[in-house]
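Reader: Could you guide me through the aromatic rings here, one question at a time?

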Amino acid sequence: MSLESMTIDANDDDEVVVTRLYAGETTSDVTNDDSGGVQRAENEKELATEEQAADGVVLEELQCPGEEVTVENDAEENTASGELGELVTDTAADVEEDTAATGSDGMVLDELRGEGEVTDATATEDDTAADGDDGGGFEITFEEPPQKKKKGNSKIDYPGGSKATHVESQTERVRRAENKLGELTIVQNELYELCKQFEAANTTAVHLICDVRRQLRGDIPQLPALPDPLQPYMTERRTRAAQRTQERNENPIRVDAGLLIQRLVEGVRDGIDRGQAPQVLFCLAFLIPLRSNDLNPAHARKNTDRRASAETHLLAEKTKSGVVVVGTLLNRWPSKDNPNCEPPSPYGAPFICDKKHYPLMRDALEFVFTGPHPPCTRTQKEYQKNVPSGPGSGNEWGNAMHLGIHKPMMKRLKLTDALVAPTGTWEEQAAIFTKGNGRAFASCAIEQGRFVTESDLLSAVAFTRGLGHRPMAVADHNYRKFRCENVTPVAGVVLRKIIAEDPLLVPNDGLSDDIVNGLYLTSAPAQGEEAP
């Protein structure tokens, strides 16, 4: 084999291995069932999420106080306020883009040098003469391949043996210091030095640094800036995020809202009948403007074992003044549960389905919150054979990138029929319908005419309140993804804003605070009657 061909073989091999590691798919951690489902080994998830998790941490740790931002993630949608002050949004496609940009010389390349790789090649006249060659020869020198690290270990040799141990030791080091702010600055620089040997040092360092910063949020009121070498990276991330947001706002997803809502209601009914809790939760995410895991009783919130239940999410009945409320969910505990920033306030969220389907929505909530549930299924065949499935704690049913059970569910629900002037393959069209996009659709429908509103409720205000955001929230524009066509106002109801003087009461609970944020629905007054 020639030098050129051997070098290409080695590089090709490195590229394949690196790419698969970035995607979290080594030969030992992915299995495909015969129907196409994808299952991932829990003990190697860290390798799969390095890029995406780093960007999520950036949002949670580094935004300006009072600003709300969004990370789009199929498993969970997080919004947070922190220090940097510019919106950053990373979708799964963006993570793929970052991975591709890293190329075959990714952060784990040094660990993947394999046997037979060409590391040095010379072709001088002296070498040729010494070899007795008659011209044009090469001497190829091979280095002894280094011992590969064991699978499952982090890509960094952390002092103390593991990432968690090192993060904990550095956190305690800062807490013991007299000048905590100065000590954290030193620690951040040291952590960057630890990571900078890798090609993807920026995301790795940000992830690691923010793991320490997260623990110190209560100890240091104003955290220091990131190390100087990371500033260009952060600027580039913000620029890319702004460009993506502008592109999305200028080219929204066009949907037949009436047809989509009809298909989602059918999906709720079908999911209850077939015992498919993940399908019911998926459809509810589009019919109520909630975060994707707000209603999921299997999803434990960060740093706690608390989960959604019939006590945390229940139907509103009346306001403090006695106004009867219909078709409205009290979201007493939004799933954005970031310990480093002020949590979102509880709020009222209206159903966007027709009034005649409110009993079905009540049944869906009862179905989701009434256990015990069977285990969450993981294969397409189980779904196709109507094997009952309980809620999943993560992404057991797949997502837009790795369709898994998500694929036959999308074919069954036929949501892609609601796309107006669709482009691309069916898979690309189906990828639009993620749990995270459900909240965006419901909010866009509210803003774009799904309800008759009280006279002083502006559509933009309804959009913000439907999301449960604070007034003038920076993240609002991040949810204007859909252009809703064929929008018919729901008959028999009026949309109103909740006010502090007349909050929504929490039924059967004299201990909880009343709900003063969000929206609620009342029955429309009959002709000749005054509005409540």
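Author: Let us begin with a definition: a charge sits over a ring if NZ of Lys or CZ of Arg is within 6 Å of the ring centre and within 35 degrees of the ring normal. Please keep in mind that the model is predicted.

Reader: How far from the ring centre of Trp426 is the charged end of Lys411?

Author: The cut-off for the distance to the ring centre is 6 Å. The charged end of Lys411 does sit over the ring of Trp426, and its distance from the centre is 4.0 Å.

Reader: Which residue has a ring with Arg274 over its face?

Author: Arg274 is placed 4.6 Å from the centre of a ring and lies over its face. The residue that carries this ring is Tyr383.

Reader: Is the pair of Phe282 and Phe286 stacked, edge-to-face or tilted?

Author: A pair of aromatic rings is described by the distance of the centres and the angle of the planes. Planes under 30 degrees apart count as stacked and those over 60 as edge-to-face, with the rest as tilted. For Phe282 and Phe286 the centres are 5.3 Å apart and the planes are at 50 degrees, so the pair is tilted.

Reader: And how are the rings of Phe351 and Tyr358 arranged?

Author: Their centres lie 5.8 Å apart, and because their planes are at 70 degrees, the pair is edge-to-face.
Here the angle is to be held against the cut-off of over 60 degrees, and so the name for the pair of Phe351 and Tyr358 is edge-to-face.

Reader: Is Tyr358 buried or exposed?

Author: Buried means under 20% relative accessible area. Because Tyr358 has a relative accessibility of 10%, Tyr358 counts as buried.

Note on methods: Residues are numbered from 1 along each chain as its sequence is written. This is a predicted model: local features need pLDDT of at least 70, side-chain atom pairs count only at pLDDT 80 or more; totals for chains, interfaces and linings use all residues. Side-chain values use heavy atoms; hydrogens and water are left out. Rings of Phe, Tyr and Trp (its six-membered ring) pair if their centres lie within 6.5 Å; planes under 30 degrees apart count as stacked, over 60 as edge-to-face and the rest as tilted. Buried means under 20% relative accessible area, exposed over 50%, partly exposed in between (1.4 Å probe, protein chains only).
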